[in-house]
Amino acid sequence: MTTLGTKLGRLRRSKGYSQQEVADLLEVTQPAYHKWETDYSTPDLETLLKLSRVFEVDLSYLTEEGSNLIANNQFEGSNIVANHQHVINMHSPELMDIIIDNQKKMMEIAATQNKLFEMLIEKLNN
């Protein structure tokens with residue numbers, strides 16, 4: 001089984017990046033990135049998404065062969081009990097429903113924001 005750290009190291013070297021360059025792209029410290037590449041710790045889901053964009057790979061490539069990459073994360077402010085080991089299945093229909101629902105909410109916010117901009121522009125032109 002290839003670990004996340006091994007994958008990150010291979011991807012980084014294939015792109016010709018230093019650890020510092022990747023850390024800068026992710027807006028994290030180089031020691032934090034180094035811990036991920038050495039499997040000392042794992043990034044959160046948002047950072048995994050950023051990594052997939054930086055290295056131009058599907059998120060599933062980084063998370064396949066072991067959902068333990070997302071296991072045991074502590075989500076502050078959520079309703080996950082502190083000692084409960086919660087695993088997110090990246091391929092679950094529930095996760096997709098949550099993502100789609102969030103996307104719809106973001107689209108509604110963007111539409112509202114556009115209307116406000118239009119009203120502001122109209123007021124400025126009058």
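Start by selecting glutamate 27, which sits in the loop between α2 and α3. Helices here are DSSP runs of H or I with at least four residues, strands are E runs of at least two, and both are numbered from the N terminus. Most residues other than glycine have a negative phi. Glutamate 27 counts as exposed, at 70% relative accessibility. For that word, exposed means over 50% relative accessible area, buried means under 20%, and partly exposed lies in between, with a 1.4 Å probe and protein chains only.

A word on the model before you move on. This is a predicted model, in which local features need pLDDT of at least 70 and side-chain atom pairs count only at pLDDT 80 or more, while totals for chains, interfaces and linings use all residues. Residues are numbered from 1 along each chain as its sequence is written, and side-chain values use heavy atoms, with hydrogens and water left out.

Now jump to glutamate 56, in the loop between α4 and α5. Here too is a positive phi in a residue other than glycine, near 55 degrees. Glutamate 56 is exposed, with a relative accessible area of 62%.

Next, show helix α2 (residues 19-26) together with helix α3 (residues 30-37). Their axes come within 8 Å and cross at roughly 110 degrees; axes are lines fitted to C-alpha atoms, for helices over the stretch in contact, and angles run from 0 to 180 degrees between N-to-C directions. The two helices are therefore roughly perpendicular, a label for angles of 65 to 115 degrees, with under 35 as roughly parallel, over 145 as roughly antiparallel and the rest as oblique. To see the contact (heavy atoms within 4.5 Å), pick Gln19, Gln20, Val22, Ala23 and Leu26 on α2, then Gln30, Tyr33, His34, Trp36 and Glu37 on α3. These residues divide into five nonpolar, four polar and one charged. In this scheme Ala, Val, Leu, Ile, Met, Phe, Trp, Tyr, Cys and Pro are nonpolar, Asp, Glu, Lys and Arg are charged, and the others, Gly among them, are polar.

Gly5, Thr6, Leu8, Gly9, Arg12 and Arg13 in α1 meet Tyr33, Trp36 and Glu37 in α3. This contact has three nonpolar, three polar and three charged residues.

Which residues touch the most other members of the largest nonpolar core? Select Leu8, Leu26, Tyr33, Leu51, Phe55 and Leu62, out of 15 residues in that core. A nonpolar core is a set of buried Ala, Val, Leu, Ile, Met, Phe, Trp, Tyr and Cys residues joined through side-chain atoms within 4.5 Å. α1 (4-15), α2, α3, α4 (45-54) and α5 (59-63) each supply at least two of its residues. Zoom in on leucine 26: apart from neighbours within four places in sequence, its contacts are Tyr33, Trp36, Lys50, Leu51 and Val54.

Then select leucine 59, in helix α5. Leucine 59 is buried, with a relative accessible area of 17%. Its C-alpha lies 6.3 Å from that of leucine 49, ten residues apart in sequence.

Of its 126 residues, 26% are buried.
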